[in-house]
Amino acid sequence: MKRLLLVPAALAVAGCATFSGDGGFGAVASAVKERTGAEAKWVRSDEDAKTVRARVAELLAQPLTPETASQVALLNNPGLQAAYAELGISEADLVQAGRMTNPHFAYLRTHRGDERKMEWALTFPIIDLLTIPPRSRIEGRRFEETKLAVAARAVAVAMETRGAWIQAVSAEQTARYMEQVKESAGAGAELSRRMASVGNIPRLAQMREQAFYAEAVAQLAQARLASATARERLARLMGLFGEDLAFRLPERLPDLPAQTPEPGDLEATAIAQRYDVQAAKRAAEALAESLGLTRATRFVNALEFGPASTKEDPEPWKRGFEISLEIPIFDWGGARVARAEAIYLQAVHRLAETAIEARSEVREAYSAYRTAYDTAKHYRDEIVPLRKRISDEVLLRYNGMLSSVFELLADSREQVASVIAAIGAQRDFWLAENALQGALNGAPFHGTQRAAIGGARRAAREPAAAGH
């Protein structure tokens with residue numbers, strides 16, 4: 001009977017592991033709110049789906065801002081909802097680690113003529129019971145690691161959506177400008193055709209105007225395609241389809257800030273708050289504890305104990321107990337320990353790699369951010385105003401009959417490159433600013449971040465070509 005007291009004790013320990021009310025999503029939602037200012041929602045019921053749908057419809061009723069676009073993605077992105085489900089999987093592993101394996105029941109019955117023999121045994125895995133606390137701690141660390149990974153994924157989606165919004169607005173702004181260029185070029189081409197038909201201008205000047213118009217038509221088609229592509233990418237990130245695709249965007253990008261903030265110690269900030277660094281630390285800690293557990297159980301891998309009874313007719317039942325122990329004759333657990341040590345060393349080196357990459361990425365992102373700001377500011381304060389003054393001077397000369405209409409049109413053609421480059425510089429700045437925020441928060445370097453850094457590098461290498 002004393003030995004049987006082990007049964008209720010084991011059941012009591014196994015009953016301690018339960019599921020939380022929110023599946024760990026509360027911590028993720030708080031982290032996302034802190035980093036992005038937006039609300040995250042895990043849709044796990046029809047009621048949740050209705051709430052999200054109503055909120056998305058409310059956000060789409062107004063022209064999208066980068067903040068509202070990110071909010072829609074955090075609520076409605078299907079891939080992000082799938083990532084939220086990782087919390088449920090990890091929590092299930094945590095609860096499972098806190099529960100003892102089911103006992104084994106064995107029953108034997110034999111007979112020969114009138115002779116019968118019966119045996120039964122109920123055994124409990126003792127090692128499994130004794131290792132519940134360390135297993136629970138290990139899975140608890142992994143659950144925390146999963147929370148960090150899911151939060152990082154959510155922040156990355158928010159940052160990527162913001163970058164896609166910048167690309168979409170910039171593409172639509174460029175397409176609208178190219179529409180104006182095409183109309184002006186068409187008017188110039190028609191004027192030159194009429195003047196050439198009566199011999200007022202050379203045939204060569206007329207062909208130049210016609211060529212400019214043809215190029216403007218082709219460039220407008222490319223700008224429209226780029227706008228449609230950027231808009232579709234934004235719609236995918238926000239999880240939109242059907243009637244929701246009619247969402248509206250503002251006509252232009254936000255103005256540049258008056259000045260850029262002081263960076264401070266960006267590397268220390270990145271190491272302290274990046275989710276990927278924190279997740280790598282948790283992974284290494286969990287593996288370290290797992291290695292200790294592997295070493296502790298290398299020799300005793302399976303120990304079971306429980307009551308047992310036998311009976312041989314016509315003798316009465318004989319009661320006792322049964323112990324089952326795996327004898328380490330061929331496998332002393334050395335391979336398991338070596339494997340665990342290798343996995344732990346792998347995690348340590350990956351942690352170091354993650355920290356180095358975090359420092360490098362934040363330095364690279366800030367360099368691109370500063371270059372993009374200086375370039376966009378140069379276009380805003382120097383190149384575009386200078387082009388406008390040149391245009392005003394050409395217009396005065398035209399009004400004074402000191403230049404022809406075709407000199408005026410030629411000056412307009414030269415302005416096209418400057419305006420397009422200015423729009424691109426403004427876009428690259430906001431992409432670089434978004435990339436810097438992503439680097440500080442541990443969001444992976446996605447396409448818009450690479451595009452921002454690439455745009456800043458191109459502007460640094462070819463300032464004269466960009467101005468031309």
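A nonpolar core is taken here as a set of buried Ala, Val, Leu, Ile, Met, Phe, Trp, Tyr and Cys residues joined through side-chain atoms within 4.5 Å. In the predicted model, the largest such core comprises 44 residues, and Trp-165, Leu-234, Met-238, Phe-247, Leu-249 and Phe-429 have the most contacts inside it. Two or more residues are contributed to this core by each of H3, H4, H7 (132-197), H8 (203-238), H9 (266-273), H11 (334-399) and H12 (405-441). The greatest contribution, ten residues, comes from H12. With residues up to four places away in sequence not counted, Phe-429 touches Leu-256, Pro-257, Tyr-369, Ala-372, Tyr-373 and Ala-376.

Helix H3 spans residues 46-60 and extends 21 Å between its first and last C-alpha, close to the 21 Å expected for its 15 residues at 1.5 Å a residue. Asp-48, Val-52, Val-56, Leu-59 and Leu-60 of H3 are buried. Viewed down the axis of H3, these buried residues lie within an arc of 95 degrees and therefore line one face of the helix. Helix H4 (66-76) is included in what covers them. The face of H3 turned away from the buried side bears the exposed residues Asp-46, Glu-47, Lys-50 and Glu-58.

Across the protein chain, 14 helices and four strands are present. Of its 468 residues, 43% are buried. Among contacts between residues at least 6 apart in sequence, 78% join residues at least 24 apart. The accessible surface of the chain is about 25500 Å², with 57% belonging to carbon and sulfur atoms.

Note on methods
Residues numbered from 1 in each chain as written. Predicted model: local features only at pLDDT ≥ 70, side-chain atom pairs only at ≥ 80, totals over all residues. Heavy atoms only, no water. Buried < 20%, exposed > 50% of the residue type's maximum accessible area, 1.4 Å probe, protein only. Contact = heavy atoms within 4.5 Å. Areas by Shrake-Rupley, 256 points an atom, 1.4 Å probe, with all protein chains shown as cover. Expected span 1.5 Å × (residues − 1). Arc of directions from axis to C-beta.
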